[in-house]
Amino acid sequence: MPTETFEFQVEARQLLQLMIHSIYSNKDVFLRELVSNASDALDKLRLESLRDDTLDADVSDLHIEIEADGDARTLTVRDNGIGMSYDEVSRLIGTIANSGTAAFLEELRQAEDAGAAEGLIGQFGVGFYSGFMVADEIVLVTRRAGESRGTRWSSRGEGTYTLETVDEAPQGTAITLHLKPADPDNQLHDYTSPWKIREIVKRYSDFITWPVRMVPRQRTAAAGGDGDGGDEHGGAPAEPETLNSMKALWARSRDEVRDEEYHELYKHISHDWTDPLDTVRLQAEGTFEYQALLFLPAHAPHDLFTQGHKRGLQLYVRRVFIMDDCEALLPPYLRFVKGVVDAQDLSLNVSREILQQDRHIQLMHRRLAKKVLSSVKDMMTAAPDRYATFWREFGAVLKEGLVTDTENRDTLLAVSSFATTHHDTEPTTLRQYVERMADGQDTIYYMTGESRTGIENSPHMEAFRARGIEVLLLTDPVDEVWTDAVGEYEGKQLRSVVKGEIDLDPDGETASEEDREKRGEEYAGLLDWMRERLGEEIKEVRLSSRLTVSPACLVSDTHDLTPALENLYRAMGQEVPRTRRILELNPGHTLVKGLNEAFRDGKDRTALAESVELLHGLALLAEGGRPAEPARFVQLLADRLERAL
């Protein structure tokens, strides 16, 4: 096939420009990314050769090679792994197949510092493009294992790339970078220098399970040496130098491994460029042995709540890589956890389908979940600042477990914290809430909503504010679900302030039965008439003991769905019938008193009916809803305002 020239996808072109004009201080990471990609290619070939006996591929000496040419200013990273076909090169290198790319690029432009930008780049796993931080041109030659012809790709990062089929190409992938001139002032080092290559591989890739070998320079004796110490003399060929120890970090004792080594393994697995928040080790011995090394990230990935988010741990069997993203090892609410599990007694040919049913996997699933939650619990007391970061980033997803994981529900409740009216910025645990409860209070009150400000300004909060009763302020969509599923904590009922009747008197005393009966009789006629006028719009009209300032509010019956929960179900594709609400009136409000007097005096019922319709519409607006007929509501309100002038 002739050489063809293609244009990069728009997002890919923008990303290239960001890389080429990079301001990142640490440009060394490009080599880590290329070695990491090469390691993945070797893992995939090893796995495919185990599963397909007919695969025509050489797996006798799987390795990564790094070759530098100081005179030509090139650096080549090659592997003899799975390789890529022509179509795969075009699809994987020419585009960024990610629905969140545009949003990512916008975040990247707005990143305030280089560290933040590096963290964002890492989230998208676009390590190949990082080569343009140090190179003017990149050439890739690859041949997929089992195929006879290879593919050559090249680009100067200026908006286009070329593709051609080549007859001669070794199995695997070779990436050659035509390096920019060294510029130490801008952290652009001489990446043909053997000592620099050794330093980068040792720092970032020592744990890679495949040998990373540096090919020595071939020179004549007349050319002299450059102080490398690994170069040969007299033109005699020297053996490639293995740069990494290849020791699996999870198999080494804790005191043998530095934190920095753990952090680099995390970055290799997650493609994140920031350190993890916590490292969790687990070694299980006995009838079923396995080792686990898990990481809690410091920030949530951009697609944590999107369909198709890749989750799961890397699974090894006796140090042999089996699969990425093994979902069976952790529950979905821990999908942000990254790491490695190395089992001793699983089959190398295990499939994802078999994993779902395997008893050993199920035992690992339970124990790993408990270990992660135990680590979060320890973090709460030992490192409250790190816990605060963890909860800010992952609290919303962790609370999904309160609905789905009844076995660990008590632990999940213990590690959960919530915004509260008790403090403007500091969250509270349920235990702390219970410890602050006044004598005689047997209920934990909460309110759900889209924002803290919206909840605090809600009419439903007025009596609680007046009496100084603490209310949890819950703003995540899952809060609507878990509060119903959990129901109580340590014998204290969890109760929404927008559901059912609340027996609170705004003056600070619980309303007596006699007072309620007297008020009920006084307003009975108006309530019945309003119920009739509003018809199907409402379920009931009654007097409220939760209002101090607002004239009215809408509440749900004790066992009814709230509007927010109805919308949540509909967003998930589940159709639910519309629930009629209860309209509560504040008998102490001037407007409500005036309505009652006008009704009892037999004044114009048409004007009175319009006032009731407006009152109902105002209650809807106060909770973030909208009247059934917005245009009619606006017209009624405009007429009233006009008459008031």
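Modeller: Two strands pair if DSSP finds at least two bridges between them. This model is predicted. In it, strand 22 (residues 552–555) and strand 23 pair over four bridges, in the antiparallel sense.

Colleague: Which residue in strand 23 is the bridge partner of Leu554?

Modeller: The partner of Leu554 is Leu583.

Colleague: Strand 21 is also joined to strand 23; do they run parallel or antiparallel?

Modeller: Strand 21 (residues 538–543) and strand 23 run parallel, with five bridges between them.

Colleague: How many residues of strand 23 are buried?

Modeller: Buried means under 20% relative accessible area. Five of the five residues of strand 23 (residues 581–585) are buried, so the strand is largely enclosed by the rest of the structure.

Colleague: What about strand 10: which residues are on its covered face, and which on its uncovered one?

Modeller: In strand 10 (residues 278–284), Asp278, Val280, Leu282 and Ala284 form the covered face. Thr279, Arg281 and Gln283 form the uncovered face. Seven bridges join this strand to strand 11 (residues 290–296), and the two run antiparallel. Thr279, for example, stands opposite Phe295 in strand 11. The two strands form a hairpin with five residues between them, and Gly286 in the turn has a positive phi of about 120°.

Colleague: Now a helix. Where is the kink in helix 17 centred?

Modeller: The bend at a residue is the angle between axes fitted to the seven residues ending there and the seven starting there. In helix 17 (residues 513–534) there is a kink of about 55°, centred on Tyr523. Tyr523 is also one of the buried residues of this helix, along with Leu526, Leu527, Trp529, Met530 and Leu534. The buried residues pack against strand 21, strand 23, helix 19 (590–600) and helix 20 (605–622). After the helix comes Gly535, with a positive phi near 55°.

Methods: Residues numbered from 1 in each chain as written. Predicted model: local features only at pLDDT ≥ 70, side-chain atom pairs only at ≥ 80, totals over all residues. Heavy atoms only, no water. Buried < 20%, exposed > 50% of the residue type's maximum accessible area, 1.4 Å probe, protein only. Contact = heavy atoms within 4.5 Å.
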